[in-house]
Amino acid sequence: MMSSHKLLILYASQTGTAQEVAERIWRESKNHGFDGPISSMDDHPINSLIFEALVIFVCSTTGQGDPPDNMKTFWKFLLRKNLPPTSLQTMKFAVLGLGDSSYVKTVQRD
């Protein structure tokens with residue numbers, strides 16, 4: 001039997017797209033010897049993030065590129081001024097960002 005490595009998958013999604021992609025990654029990761037939880041960013045205990053060694057973040061935007069509601073607390077935590085800069089230095093991570101090509105585009109003129 002293949003040994004298992006812990007992998008945390010966190011997603012942020014307004015309409016469910018990033019959640020579906022994260023669940024697909026989670027299922028596929030099991031085939032490659034990984035095991036671990038999958039959760040929305042705001043449902044995962046944020047204080048335990050510093051103990052995670054391997055994380056995949058899957059996030060989609062909403063509206064005109066705004067963050068989804070289920071990552072707002074998570075994002076505020078990461079932007080804290082008193083968050084030690086070394087707190088996540090041992091974490092290996094990947095980020096998958098999902099956007100939408102139908103956003104309104106603005107043209108800047110000089």
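This is a predicted model: local features need pLDDT of at least 70, side-chain atom pairs count only at pLDDT 80 or more; totals for chains, interfaces and linings use all residues.
A core here is a set of buried Ala, Val, Leu, Ile, Met, Phe, Trp, Tyr and Cys residues joined through side-chain atoms within 4.5 Å; buried means under 20% relative accessible area with a 1.4 Å probe, protein chains only. This core has 14 residues, and L10, M41, L49, V55, F57 and F74 touch the most other members. β2 (8–12), β5 (54–60) and α2 (72–78) each give two or more residues to it. Those are DSSP runs numbered from the N terminus: helices are H or I, at least four residues, and strands are E, at least two.

A second, separate core holds 8 residues, including A18, A22, I56 and V58.

Now V55. Leaving out residues up to four places away in sequence, V55 touches L7, L8, L10, M91, K92, F93 and A94. Contact means heavy atoms within 4.5 Å.

Next, which residues lie nearest the centre of the largest pocket? They are F57, F74, W75, L78 and V95, out of 13 lining residues. β5, α2 and β6 (92–98) each supply at least two of the lining residues. The lining has 12 nonpolar residues, 1 polar and no charged. Pro counts as nonpolar and Gly as polar; charged means Asp, Glu, Lys and Arg.

Confidence, last. pLDDT runs from 0 to 100. The chain averages 87, and 87% of the residues score at least 70.

Ground rules: residues are numbered from 1 along each chain, and side-chain values use heavy atoms, without hydrogens or water. Local features need pLDDT of at least 70, side-chain atom pairs count only at 80 or more, and totals for chains, interfaces and linings use all residues.

Key
Buried means under 20% relative accessible area, exposed over 50%, partly exposed in between (1.4 Å probe, protein chains only). On a 1 Å grid over the protein atoms alone, a cavity is a set of points where a 1.4 Å probe fits but cannot get out, and a pocket is an open set with protein on both sides within 12 Å along at least five of seven lines; lining residues have an atom within 4 Å of a point. pLDDT is the predictor's confidence in each residue, from 0 to 100.
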